[in-house]
Amino acid sequence: MSDKKSAVVSKAFPLLPLRDVIIFPHMVVPLFVGREKSIAALEHAAKNGNELFLVTQKDASVLNPEREDVYDIGTVVSIIQMLRLPDNTVKVLIEGKYRATIDTFECNDGGYKATVAKCEDLTMDMVKLEAVMRSIKSVFENYVKINKRIPPELLMSINSINDPSRLADIIVAHLTMKIPQKQEILDAVDVEKRLEILLEKMQGEIEIINVEKRIRTRVKTQMEKSQKEYYLNEQMNAIQKELGNRDDGKSEIQEFEDKLKDKSMPDEARKKVEKEIKKLKSMSPMSAESAVVRNYIDWMLGLPWNENTTDDNSVIRAKEVLEKDHYGLEDVKERIIEYLAVRSLVKEGEGKGTILCLAGPPGVGKTSIARSLAESLNRKFVRISLGGVRDEAEIRGHRRTYVGAMPGKLIQAVKKAGSSNPVILLDEIDKMSSDFRGDPSSAMLEVLDPEQNKTFSDHYIEVEYDLSQVMFVMTANDIGQIPGPLRDRMEIIHIAGYTPFEKLQIAKKYLLPKSMKVNGLSPDYDIKMTDKQFTQVIMSYTKEAGVRSLERQVNTIARKIATDVVTENIKKGTEFKLTEKMIEKFLGPEKWDRTEIEERPQVGLVNGLAWTSVGGELLNIEVVSVPGNGRLDITGKLGDVMQESAKAALSYVRSISTRLGIGPEWFSKNDIHIHVPEGATPKDGPSAGITLATALTSAITGIAVKQSVAMTGEITLRGRVLPIGGLKEKMLAAKQAGIKTVIFPDKNKKDLLKIPSEIKSGLELHPVKEVEDVLKLALELSNPEEFLKVVSGASLKVVGSDSDNQVPN
């Protein structure tokens, strides 16, 4: 074998740099040329023998390659056909002639030029050459059989080739290889080395194709057993199994392990997650249980175990936030300020979570003030609605043995907040119920106990989670519906209904500006309403403790004005000054009439005061006596407690009837009828006791009752007056109805301190201990002092006893 190349002479050719393609000798291929210098090289070649030199760029992204940007060896080709296309590109059909190596490289405005030297093939032992050629033809035949992209007819032309150099160049042109691999074959001037490289590359390609075939077979089998949407994921899994650690991408398990490594969490939780990840590795990706395990790991890694937000304990900022968003609610604001003051004094980590319950009627701002609380503390805020929740699993989570299991609402809320010390609002906690699935209110006992919620256990995550840093705020309309043990864990703050003055301020400062903005009137238009007009809307179109209905009415006014602006094309900057007639036009006739009181004293008619979910209410109680046989009729849809109060009041009146000048036989000859108007409305409660006793006394004795007086208080058989609730709302209702005198239990005097002065002003307040004091104040008596002597000068008789069996008063 000779190791020397024949002497060659360098020759100059136009040079055409190629991108992402290599041209071998004996190849006939079309090329599309678009770069100006490349087109210039083509045109120069067309004018000078139709020959040019093609060499491939090392980096296809280089637009104007220099000498170092192209390979050393390329191919001299001849131009068979050239055609210029409409898009200024040139399509050229070329045929490869021989290899050549670059001697000199020249680049100018006229294109590329190069002086190249022809590479002569090195000869070798023909016997060995023949053996290698047979091997290559055999391997290529196998390659064609498994590669459907190569036509079988090519084998016939390959088998007819006896030139080893030509054989190698034609076969490599049909192989799927990367540019550097093909360039390696082009660089091989030694034919023996070229054939060996080609044989190695073909065998590698055959192995790759076989692996791809196995992957496709496996994926096809898996697709037949599962849904088609898993196709891409399963193909990726199959590839990873074949390549093993050679895969550069991270698997899902690797991602879990990386997250666990970076996650700060308790040791118990970390060990649990490590155990589940180990279990996941041994599972089939298609098994149903693997999805459950993946979901569990995702939940555990997504929980904020030791991630807290930094509290803003600035009392000044908290006051600003609370005052900006809410008017009134002084008790709540004061409690929040106290909490912040304590937080600023205690060391970090020593304070316990606070559990507040805001109790009051709908629409008074319970939910919104909880959101403002979170804002003032710089904490995340999450709301959980408990209305209608009746399954314990909603609180503690489902056990993972169930299909579709997930954590309880509390763990979900903490994950949603992204911190372990958010403000969580448990809305409508009094609306929870229970059934055969468990009692969620009992599950809440652990949540709301500061001593226990540090180790809260959720059935799904199966490890303890610390809820002690969470600030729980609850809302309720009726705390009587909350079980006693649960209520004992709360710090209850009662939010009473707003007074008309408070509603007026809220409407002026918050509701009207908000309605103008929501309805597109602000800032181009302005609505002016006087205090009198706001009061008209409040008193005549709303009947509530909160301001939701008031907000709807203000929104209605804004919408009506917005409609006028659009339909009548009113110019910007117009100011709308409302009048009482305009409000009646926008809102329609008055929806609510204030309960009117009689101008003159009436027999058997007494003004009682009641508490409802929408605030206080003036309640008229009527009693009449008619000839009969001693029957007692009670009508007006009264509840059991109120009916018992009526019977207790009648028994008391009968016990003092002789002192009122009424003989015992009177009750056996007359029927008594007690009625409370608005019969379709249910009524209940013990606070109408003194009202019923006064009405009965008036009806039996014929003494009229002052109609400027209203009263509330529970009665006993011995005539004592017991305390009641909702005094603020009741006094507010009395003031709105025009009442001048309010009679209430003496033990409720302490509640007067929390009642605003604008409610108490103009009212004559009388705390009482005994029913005799009520009768003295309420009945129209010519000489009240003498009437008092008649009552207290005698002894109280036990009901049903005769005059000889008496009990000292």
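Let me begin with a term: a residue counts as buried when its relative accessible area is under 20%, as exposed when over 50%, and as partly exposed in between, using a 1.4 Å probe and protein chains only. What you see is a predicted model, in which local features need pLDDT of at least 70 and side-chain atom pairs count only at pLDDT 80 or more, whereas totals for chains, interfaces and linings use all residues. Residues are numbered from 1 along each chain as its sequence is written, and side-chain values use heavy atoms, with hydrogens and water left out.

By that definition Ile-561 is buried, because its relative accessible area is 1%. Helices (H or I, at least four residues) and strands (E, at least two) are DSSP runs, numbered from the N terminus, and Ile-561 belongs to helix H20, residues 548-567. Setting aside neighbours within four places in sequence, Ile-561 has contacts (heavy atoms within 4.5 Å) with Leu-521, Ile-527, Phe-576, Leu-578 and Phe-586. For Ile-527, which is 34 residues away along the chain, the C-alpha separation from Ile-561 is 8.8 Å.

Turning to the sheet, five strands form an open arrangement in the order E8-E9-E12-E7-E13, with parallel pairing, where two strands pair if DSSP finds at least two bridges between them. Strands E8 (381-385) and E13 (491-494) are at the edges with a single partner strand each, so one side of each has no neighbour in the sheet. Strands E7 (residues 355-359) and E12 (residues 471-476) are paired in parallel over five bridges, and Ile-355 has Phe-472 as its bridge partner in E12.
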